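Here's a quick briefing on the fold and its packing. Have a look at the model first, then go through the notes below.

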Amino acid sequence: MALSLFNHTFCPKRLKDFTFSKTTSSILQSQIEHTQYYIKETKKYNINNMIIFGTDGCGKRARAHAFLNELFDIPDICKQIDVKRYTLRYKNNKYEYSVIVSPYHIEFNLADHGVNDYYIIKDYIKKISGTNNVYTNSPHIILIPHFNKTTLKAQLFFRRTMEKEIKNIRFIFTSSNLNIEKALLSRCVLIKVSTPSLKKIKSILKKIISDQLPDIKKIVSKSQIDKMLEGVIFQTRQQTPSIYNLKQSIHNLQLSINHTDKSFNLYIDPNMKLIYNLNKIIKNTKILTKSVYENINSILYELYTNNYD
């Protein structure tokens, strides 16, 4: 287990196992029940297009995976994935992109491709348009994370695809916000994942520590464990002081555990240290107005949390 990523090992595989934002799980469960009822009555899948949105690192993609696990009644969809690579040639340019596929879904991060996202999604949709998933005899389910970071041109293409391929393709988007093309928003079920509180994140991390270091309470006091966990979580603080990143907290915790001697040493992220020092310098620069300082601060945190959505 020491070599596994905690963010996958300790990620709930069923909707009922999520310990926060239970309303989100209930809504996704109702979507599954609706689909199962439709299958029973018509022998066909009727899956809604969805946008799962919430703050960075709150578990949007984890909920989407749990939804698919339950929809297709499988233990863990992430254990059945493969990576396929494609090359697109367009106007003397060559674009290479990768797609994560399982027998049940398709997933890729368009945000990695910047302004070329439209050409890439168009090329891939061409390959599967007019067909169903032959393994499940259902529409292709495509999961797109970081959807708010895609270009307007790509979002308009998704909207047209929803209308044109209504029998063959369904989309699950995850997004940090709803700054998305309005007509596309109106064609999706919007599902919000609430941000976990500091207390809830600490509770989740304590369970991981109990699993990984069962004897730690014999060496370190409860108050010391709490203090160290707060140090792990505090590094993930986003622009609003009360918002913390659960995914990044779990990642930092893994880096803080020494599996050789079964000890816990607080990991200080060097990027966070750099941002903290830059922030301090910028704040002490008197020539900057408050709004300029807040904009720079926002950009720094955006760069840092980009990998932990």
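**Packing around one leucine, and beyond**

Leucine 205 touches Leu229, Val232, Ile233, Ser249, Ile250 and Leu253, leaving out residues up to four places away in sequence; contact here means heavy atoms within 4.5 Å. Keep in mind that this is a predicted model: local features need pLDDT of at least 70, side-chain atom pairs count only at pLDDT 80 or more, and totals for chains, interfaces and linings use all residues. Residues are numbered from 1 along each chain as its sequence is written, and side-chain values use heavy atoms, with hydrogens and water left out.

**Nonpolar cores**

- The largest nonpolar core has 45 residues, and Phe67, Ile172, Leu205, Ile209, Leu253 and Phe264 touch the most other members.
- α3 gives this core its largest share, 6 residues.
- A nonpolar core is a set of buried Ala, Val, Leu, Ile, Met, Phe, Trp, Tyr and Cys residues joined through side-chain atoms within 4.5 Å; buried means under 20% relative accessible area, exposed over 50%, partly exposed in between (1.4 Å probe, protein chains only).

**Helix α3**

- α3 covers residues 60-71 and lies across β1 (50-53), β4, β5 (140-144) and β6 (169-175), running at about 150° to β6. Axes are lines fitted to C-alpha atoms, for helices over the stretch in contact, and angles run from 0 to 180 degrees between N-to-C directions.
- Helices (H or I, at least four residues) and strands (E, at least two) are DSSP runs, numbered from the N terminus.
- Because 11 of its 12 residues are buried, α3 is largely enclosed by the rest of the structure.
- The cover over those buried residues includes α2 (22-42), β1, β4, β5 and β6.
- Aspartate 73 follows α3 and has a positive phi, near 55°.

**The sheet**

- Seven strands form an open sheet with mixed pairing, in the order β2-β3-β4-β5-β6-β1-β7; two strands pair if DSSP finds at least two bridges between them.
- β2 (82-90) and β7 (189-192) are at the edges with a single partner strand each, so one side of each has no neighbour in the sheet.
- β3 (residues 93-101) pairs with β4 (residues 106-107) in the antiparallel sense over 2 bridges.
- Isoleucine 100 sits opposite glutamate 107 in β4.

**Serine 138**

- Serine 138 is in the loop between α4 (117-128) and β5.
- With 0% relative accessibility, serine 138 counts as buried.
- Its contacts, leaving aside neighbours within four places in sequence, are Tyr45, Phe72, Asn132 and Asn133.
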